[in-house]
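Reader: I have a model open and want to learn how to read it. Can we go through it step by step?

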Amino acid sequence: MHPFPASALTMHSLGLARLFLIAILLSCTGPAPLRAAEPPQPPATVQDLAYGEVLFHFFQGDDFAALTRLQVALQRAALPHHREEAELLEGGLLLSYGLLDEAQSRFERLLHARRDPVLRNRVWLHLARLQLRREDTAAAAAALAQVDTALLSPERQDEFRLLQARVFMDQGDLQRARPLLAAVTHSPVLAAYARFNLAVALERSGDREAARALLAELGATGPGAGEDGEEILALRDRALLALGYLNLRERRPQAARRHLLRVRLDGLEAAPALLGLGWAEFAAGELQRALVPWSELRRRSVTEPAVQEVLLAIPYALTEAGAYAQAARYYEQAAESFAAERRRLTALAERIRDRGAGRLLLPPGRDDWNHDGVAARGRAWASPAPPAETADRELLALLAGESFQAVLENLRELGFLLRDLERWHRNLQAFRDMLDLRRRAYAQRLPRIEAAQARLDLGAARRQRDAFAARLAGITQAEDSLALADGEALRQLDRLAKVQALLERHAGQKGSGEGSGEESGEKLAPLREKHRLLAGVLHWRLAQAYKPRLWALRKELRALNQALERAQDSRAALERARRAAPQGFAGFAARIDALEETLAHLQARARQTLAAHEDHLQRRLLQVLEARDQRLRAFEAQARFGLARLYDLSAAREGRP
């Protein structure tokens with residue numbers, strides 16, 4: 001007799017193939033839609049303020065703000081010191097948003113110019129990741145062939161090996177992928193994923209013993225620290241679960257039991273591990289010990305597939321042990337649980353049809369994706385936990401799936417984009433108000449400015465400037481220091497002239513007595529000498545001050561010329577502004593109108609795309625619920641069939657026909 005009923009093995013009917021799902025890291029498979037771009041190489045010093053703002057938003061997880069500010073800075077040529085790194089970051093952000101053509105054009109543009117070889121390596125790695133996103137293995141291999149591995153850092157070497165291994169695995173060349181995955185050692189998480197993927201490659205190539213050895217090595221991994229440690233422990237649970245079911249398939253229940261007992265009870269693989277552990281005990285002939293993990297599993301939510309299977313496994317095992325009464329009670333409870341779960345799924349499907357999938361998945365209190373209170377966008381945003389009515393395992397598994405996450409994240413980003421578009425549309429009215437304010441201010445100030453300009457007679461000012469320049473030229477030519485004398489010097493010259501006239505008048509007067517003329521000349525001689533000395537000193541001082549005063553006058557003339565030029569330029573600028581202002585106001589108004597039309601078009605497209613994503617999301621959820629309902633219907637039928645079989649066995653035991 002086969003120890004495992006078909007109903008209990010439906011979850012694992014594909015055997016090891018399902019458990020060995022390839023767990024290639026995002027850095028190997030290429031970024032999922034809307035995944036964050038590769039972090040840029042942090043500069044020692046940020047020399048461009050705009051690039052610092054971009055990095056701030058990027059490392060805050062707000063990729064949209066980082067991308068928009070980055071494109072504005074590149075368009076304005078505001079990144080002279082970080083342009084190459086900024087262009088690489090732009091390509092990575094475009095790639096993370098799924099804009100593959102735009103990202104590829106950025107990367108190819110970087111490669112056409114003469115660039116730093118380290119930067120070229122990073123660009124080729126980006127291109128390889130992009131081609132894997134396109135499922136173009138040949139192009140990805142060609143990109144990787146351009147990488148100079150000697151220039152790669154240890155982290156980049158691990159990334160290169162994972163990408164190269166992905167290419168070989170896609171080409172079916174598992175033998176060449178094996179050494180690459182085995183060589184990933186720098187990061188513990190990357191190394192763990194690489195060993196798991198190497199086990200996948202070995203299993204696919206038929207080398208089960210080597211695959212088992214790698215899984216056992218992963219199963220022996222100790223706990224780590226932080227988020228990486230939790231990820232390693234989750235991968236260890238998966239490896240132990242794979243080993244357990246591998247041994248169950250090979251009918252080695254003791255070995256299966258040893259591995260399944262080490263799976264964490266609070267981990268993601270706890271439910272299938274408890275189910276498998278029960279079957280391992282049952283296969284070893286230990287029914288009572290099998291009921292221990294099954295009873296623990298049975299107390300969990302019936303929404304989990306493993307719980308649904310154990311609801312049939314327990315009565316089946318009791319039937320095999322001859323405990324018909326207990327088995328019948330468990331079959332009845334199982335049938336009632338399946339029927340109740342089907343009713344719940346039907347009600348949930350109706351809520352999805354009525355409210356829409358997007359609204360159903362929002363956190364409580366949020367009306368739609370376009371809400372100002374939605375948590376931070378970008379990588380800082382986490383998928384919302386579904387409400388209680390959607391919290392079953394298959395829906396959660398779908399929510400965690402990469403394809404579903406792509407739709408969900410696109411839906412979220414479209415909601416943020418629609419919110420931005422609506423906010424920008426509202427801001428246009430503020431721009432109109434600003435334009436109207438400037439128009440009114442122009443109308444108020446223009447008459448006052450024109451009146452002030454009219455009072456300024458530039459022609460008379462130029463004539464005065466020309467007369468001053470001509471006089472200064474004459475003084476310079478004659479080197480007339482007296483012409484540059486200041487007021488004090490002129491007063492002193494006037495006083496000296498009066499003294500000289502007085503001396504000459506006294507010298508011409510005759511005395512009354514004999515010899516009075518000679519006596520008078522002798523008395524005036526000291527005064528004449530003093531007058532001569534004072535006049536000489538004054539003229540010497542004027543001669544000394546001539547050049548400084550001439551230089552100062554020339555400087556004032558130049559300042560006067562500049563002032564006249566500024567006045568002329570101001571008048572010309574005013575005239576130009578008077579002619580251009582009305583056209584400028586009309587131009588700004590036209591630009592605002594064009595922006596309003598563009599925003600209205602983008603809003604319509606965003607709403608249409610948002611509705612399409614929500615419709616797709618709703619169809620996917622309803623498909624999952626329909627598949628779940630069919631599964632429950634089959635389980636319910638098996639429970640009722642098992643109950644009918646028990647009645648037949650009881651009747652046969654009692655000898656009734």
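This is a predicted model: local features need pLDDT of at least 70, side-chain atom pairs count only at pLDDT 80 or more; totals for chains, interfaces and linings use all residues.

Reader: Of contacts between residues at least 6 apart in sequence, what percentage join residues at least 24 apart?
Author: Start with the contacts in the protein chain that link residues at least 6 apart in sequence. Then keep those whose partners are at least 24 apart. That share is 70%.

Reader: Which residues of helix α3 are buried?
Author: Helix α3 covers residues 49-59. Buried means under 20% relative accessible area. In α3 the buried residues are Tyr 51, Val 54, Leu 55, His 57 and Phe 58.

Reader: Within what arc do the buried residues of α3 fall?
Author: Look down the axis of α3. The buried residues line one face of the helix, because they fall within an arc of 165°.

Reader: Which residues are exposed on the other side of α3?
Author: The buried residues have cover that includes α4 (63-75) and α5 (83-96). The other side of α3 has exposed residues: Leu 49 and Phe 56.

Reader: Is Arg 69 buried, exposed or partly exposed?
Author: Arg 69 lies in helix α4. Its relative accessibility is 32%. Buried needs under 20% and exposed needs over 50%. Since 32% falls in between, Arg 69 counts as partly exposed.

Reader: With which side chain does the side chain of Arg 69 make a polar contact?
Author: Leave aside neighbours within four places in sequence, and Arg 69 is in contact with Glu 53, Val 54 and His 57. The C-alpha atoms of Arg 69 and His 57 are separated by 9.0 Å, with the residues 12 apart along the chain. The side chain of Arg 69 makes a polar contact, at 3.3 Å, with that of His 57.

Reader: Which element gives the most to the lining of the second largest pocket?
Author: The second largest pocket has a volume of about 820 Å³. Among its 23 lining residues, those closest to the centre are Phe 64, Tyr 97, Leu 99, Leu 417 and Leu 602. Elements giving two or more residues are α4, α6 (100-112), α21 (402-455) and α24 (516-654). With six residues, the element that gives the most is α21.

Notes:
Residues are numbered from 1 along each chain as its sequence is written. Side-chain values use heavy atoms; hydrogens and water are left out. Buried means under 20% relative accessible area, exposed over 50%, partly exposed in between (1.4 Å probe, protein chains only). Helices (H or I, at least four residues) and strands (E, at least two) are DSSP runs, numbered from the N terminus. The arc is that of the directions from the helix axis to the C-beta atoms. Contact means heavy atoms within 4.5 Å. A polar contact is a pair of N or O atoms within 3.5 Å; within protein, one must be able to donate a hydrogen and the other to accept it, and residues adjacent in sequence count only if both atoms are side-chain atoms. On a 1 Å grid over the protein atoms alone, a cavity is a set of points where a 1.4 Å probe fits but cannot get out, and a pocket is an open set with protein on both sides within 12 Å along at least five of seven lines; lining residues have an atom within 4 Å of a point. Grid points are joined across faces, edges and corners, and a volume is the space filled by probe spheres set on the points.
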